[in-house]
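The tour goes stop by stop: select, look, move on.

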Amino acid sequence: MSSIQALESTISRLGHQVGPGEKIKFDQLEIAIGYYNRQPEALIQILHRAQELFGYLRPDVVEYVAQTLKLPASQVHGVISFYSFFSTVPRGKYTIMACMGTACYVRGAEQVVQAFEKELSIQRGQTTPDGLFSLKCVRCLGACGMAPVIMIGEDVHSKLRPDGVKKVIRQYT
Amino acid sequence: MTPTELEQLQKRAAEALSLRLQKRQVKSNGKPAERVLLICAGGACISCGEAPVWEALEKELVRNNLHDTVHMVQTGCMSACDMGPLVIVRPDNILYQHVKPEDAARIVQQHMLRDEPVTELMYRPHPEADPIPNPDEIPFFSKQVKIVLETCGIIDPENIEEYIAMEGYAALAKAVSAMTPQQVIDEVKASGIRGRGGAGFPTAIKWQMLHNAPGSEKYIICNADEGDPGAFMDRSVLEGDPHRVLEAMALAAYATGASKGFIYVRAEYPLAIRRLQIALEQARRYGLLGRRILGSDFSFGIEIRVGAGAFVCGEETALMASVQGRRGMPRPRPPFPTDSGIHDKPTSINNVETFASIPAIVRRGGKWYAGIGTEKSTGTKVFALAGNVNATGLVEVPMGTTLREIIFEIGGGIPGGKKFKAAQTGGPSGGCIPAEHLDLPLDFDSLQQIGSIVGSGGLVVMDEDSCMVDVAKFFMDFCVDESCGKCPPCRVGTKQIYKTLQKICDGKGSEDDLAILDDLCDVLRSSSLCGLGQTSPNPTMSTLRHFRDEYEAHIKGHKCPAKVCKQLLTYIINLEKCTGCSLCARNCPTDAISRIDGQRKYVIDQDKCIHCGKCHEVCRFAAVAIE
């Protein structure tokens with residue numbers, strides 16, 4: 001069975017429709033899998049690409065990856081659950097990654113996170129109801145000289161104070 | 001490309017770079033015909049607005065018709081993160097700090113056109129001091145010795161020819177054309193370099209073991225999973241000078257007979273990943289990686305593997321599992337990776353900073369390197385200076401430099417006139433060093449003696465406002481989170497230590513708890529499977545050793561001397577400052593604040609107070625005092 005057939009059968013079994021936009025994403029994922037010569041060893045790299053394309057690791061996408069790499073789905077799930085970068089639930093359009101490294105901590109990162117929680121009315125680890133922001137505490141981002149820092153996408157916001165949180169959020173709304 | 005062609009290219013490229021390397025006073029030599037603006041594009045400078053500064057300068061140069069005589073270069077990290085965005089003007093050698101887009105007009109019109117440097121943008125040790133235009137005279141830079149960061153902040157990391165201009169890949173050319181693999185190892189051995197990732201294992205011994213291992217399938221791995229909170233030198237090297245690491249990996253492969261390499265880099269460093277990809281592509285195109293490197297029989301290829309957010313993957317056996325797409329769980333050693341690593345084949349794993357020291361060692365000789373630093377810890381170490389210190393950033397100094405020199409001379413001391421309390425080195429595997437050890441030389445062995453480690457080189461300074469019990473709890477919380485769960489001492493022990501520390505911070509600790517902590521730490525240290533578990537008690541043990549009085553203040557006196565642990569604080573309303581606005585009472589979650597009868601003043605009922613600190617936070621008149 002070709003990979004596209006495999007994909008379609010997987011998706012129909014899970015009760016999803018493959019729309020044209022979806023198909024492009026799967027094609028792009030297929031390119032990444034091909035780049036790594038379908039080696040099971042490249043699983044983490046392929047999951048990164050899948051998450052980039054689909055926003056999060058959807059069950060059908062995970063099953064597709066497992067099938068194409070000829071890995072048991074349990075093993076793929078084992079890897080996904082081990083690494084904090086992978087998410088199996090939808091995330092906001094923007095993930096606010098608040099650094100919880102030592103330098104940020106001693107310079108008041110906790111208060112900054114609390115300010116985000118208050119401003120967005122969500123707790124860390126949650127997503128706003130409008131699907132715009134997710135708030136996540138992460139490991140050291142390596143910008144300790146500018147502590148406390150947060151990252152949204154590839155933007156780094158540095159030397160944040162609780163009263164500067166509103167301004168950061170406004171840039172993305 | 002052959003070694004001779006590389007040499008010719010080096011000469012050509014160096015010429016193109018000569019303007020950037022000149023440093024001369026303009027006044028005595030007249031206006032230079034050409035100038036170059038070096039603009040730092042390190043992570044920190046990007047985060048405080050390097051891109052708009054670049055655009056503004058570019059626009060201003062074009063507007064003044066100077067774009068042919070004033071060149072602009074985006075460089076890697078210049079290491080003084082606190083001064084960003086940074087611009088250095090050469091050949092004048094003048095440094096501008098905290099440059100904003102609106103400063104572009106002044107820099108161009110005043111300095112570039114009229115030859116009058118902008119004094120307002122120069123560095124000053126304190127607001128009333130005279131400006132110091134020359135970066136080489138600023139204490140933060142002048143006391144550093146750069147080997148790892150030699151070209152970081154001078155060259156464009158996305159242009160291989162600039163690295164070649166600075167004698168890049170010359171060590172590789174020397175090795176493949178004039179040295180045997182054993183000679184390369186001998187040179188590294190003579191340098192005495194020990195691994196910069198944390199454990200301080202001699203690099204030459206590792207390479208020798210891989211060299212001696214039988215078979216032809218061998219691997220070299222660069223550990224760029226820089227996970228220690230507070231360390232960011234690997235990131236700066238990868239972002240600012242990626243070719244240095246690639247060259248060193250090729251040297252390692254040549255010396256050991258490996259044919260394939262992996263760089264395992266954190267997903268949190270997208271810019272480093274991108275610059276590595278560019279560098280790899282360029283090195284392949286120039287024949288410096290791939291088949292028959294520099295016309296020799298030696299072939300070597302490198303692939304990037306991106307991590308996915310697991311601290312334990314910095315441990316070498318876990319890292320190898322992750323490189324092969326599995327859960328990053330460590331396994332017992334032996335077998336050591338040099339016997340059985342990737343695909344069960346011999347593998348050598350070295351850290352980014354270790355690799356970044358290698359090209360200079362091969363080029364200039366191991367003996368030269370061994371002359372720097374101390375007898376048993378040779379060379380330089382890059383420390384990531386952060387936390388409560390005036391100048392933050394990367395500091396490369398000879399091993400054996402004292403903590404006092406780094407924090408007070410290079411780092412400019414503690415801001416706000418506060419008192420130094422402790423320096424945390426080595427992240428969650430390291431310890432806290434108190435003021436009495438400020439004059440201790442920083443090297444592998446002396447730090448170990450006082451219960452800390454050099455580790456990856458994170459150096460977080462803490463002032464009197466940091467509670468050491470809370471700091472110990474912070475690191476233990478980190479280890480609880482990052483424990484992979486495979487071995488019980490780490491999985492269960494970290495949690496128990498955390499709970500005990502939490503109890504003490506909540507004011508519910510007893511004197512027995514200190515003995516329990518000592519015991520638990522001992523078990524973890526001696527019986528955990530991997531380095532993460534074995535070293536996880538270090539922050540707790542070192543604070544117990546050096547700051548026992550703070551633990552006792554929490555337990556016996558029910559006080560947090562640094563006023564951090566909320567449960568041990570008493571909130572009191574200062575009646576003289578209270579205006580009776582009632583904001584605190586309305587925000588109190590337990591209705592513990594009420595109006596004093598007949599007065600427009602409020603008071604806190606200490607029995608109802610849950611120490612949440614809300615009243616202190618909301619009061620606009622600073623009337624809520626903490627005791």
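**Stop 1: chain A as a whole**

Chain A has 173 residues, and 38% of them count as buried. Keep in mind that this is a predicted model. Show chain A as a cartoon: 8 helices and 4 strands make up its secondary structure. Trace the chain from the N terminus and the order reads α-α-α-α-α-β-α-α-β-β-β-α.

Colour chain A by pLDDT next. The mean is 89, and 90% of the residues of chain A reach 70 or more.

**Stop 2: Leu47(A)**

Select Leu47(A), in helix 3 of chain A, residues 43–54. Is Leu47(A) buried or exposed? Leu47(A) counts as buried because it has 23 C-beta neighbours inside 10 Å, and the cut-off for buried is 20 or more. Beyond residues up to four places away in sequence, Leu47(A) touches Leu57(A), Val65(A), Ile80(A) and Phe86(A). Pick out Leu57(A): it lies 10 residues from Leu47(A) along the chain, and their C-alpha atoms are separated by 7.7 Å.

**Stop 3: where the chains meet**

Bring in chain B. The contact takes 35 residues from chain A and 42 residues from chain B. On the chain A side, helix 3, helix 5, helix 6 (102–106) and strand 4 (155–157) each supply at least two residues. Colour that side by residue class: 21 are nonpolar, 10 polar and 4 charged.

**Stop 4: the nonpolar cores**

Select the largest nonpolar core, which has 231 residues. Val149(A), Met249(B) and Leu251(B) have the most contacts inside this core. Its largest share, 10 residues, comes from helix 12 of chain B, residues 242–256. Zoom in on Val149(A). Leaving out residues up to four places away in sequence, Val149(A) touches Cys99(A), Cys104(A), Leu141(A), Ala143(A), Val156(A), His157(A), Ser158(A), Leu160(A) and, across in chain B, Ser47(B). A second, separate core has 12 residues, including Cys578(B), Cys584(B), Cys588(B) and Ile593(B).

**Stop 5: helix 5 of chain B**

Select residues 104–113 of chain B, which form helix 5. Ala104(B), Ile107(B), Val108(B), His111(B) and Met112(B) are buried here. They sit on the same side of helix 5 of chain B, because they cover an arc of only 110° around the axis. What covers them? The cover includes strand 1 (35–40), helix 4 (50–63), strand 2 (70–75), strand 3 (87–90) and strand 4 (94–96) of chain B. After helix 5 of chain B comes Asp115(B), with a positive phi near 65°.

**Stop 6: helix 9 of chain B**

Move on to helix 9 of chain B, residues 181–191. Its buried residues are Val184(B), Ile185(B), Glu187(B), Val188(B) and Ser191(B). Look down the axis of helix 9 of chain B: these residues fall within an arc of 155°, so they line one face of the helix. They pack against helix 8 (170–178), helix 10 (203–212), helix 12, helix 15 (352–364) and helix 16 (366–370) of chain B. Finish at Gly192(B), which follows helix 9 of chain B and has a positive phi, near 75°.

Definitions and conventions
Residues numbered from 1 in each chain as written. Chains lettered and ligands numbered in written order. Predicted model: local features only at pLDDT ≥ 70, side-chain atom pairs only at ≥ 80, totals over all residues. Core = buried A, V, L, I, M, F, W, Y, C linked by C-beta atoms within 7 Å. Contact = placed C-beta atoms within 7 Å. pLDDT = per-residue confidence, 0-100. Arc of directions from axis to C-beta. Nonpolar A, V, L, I, M, F, W, Y, C, P; charged D, E, K, R; others polar.
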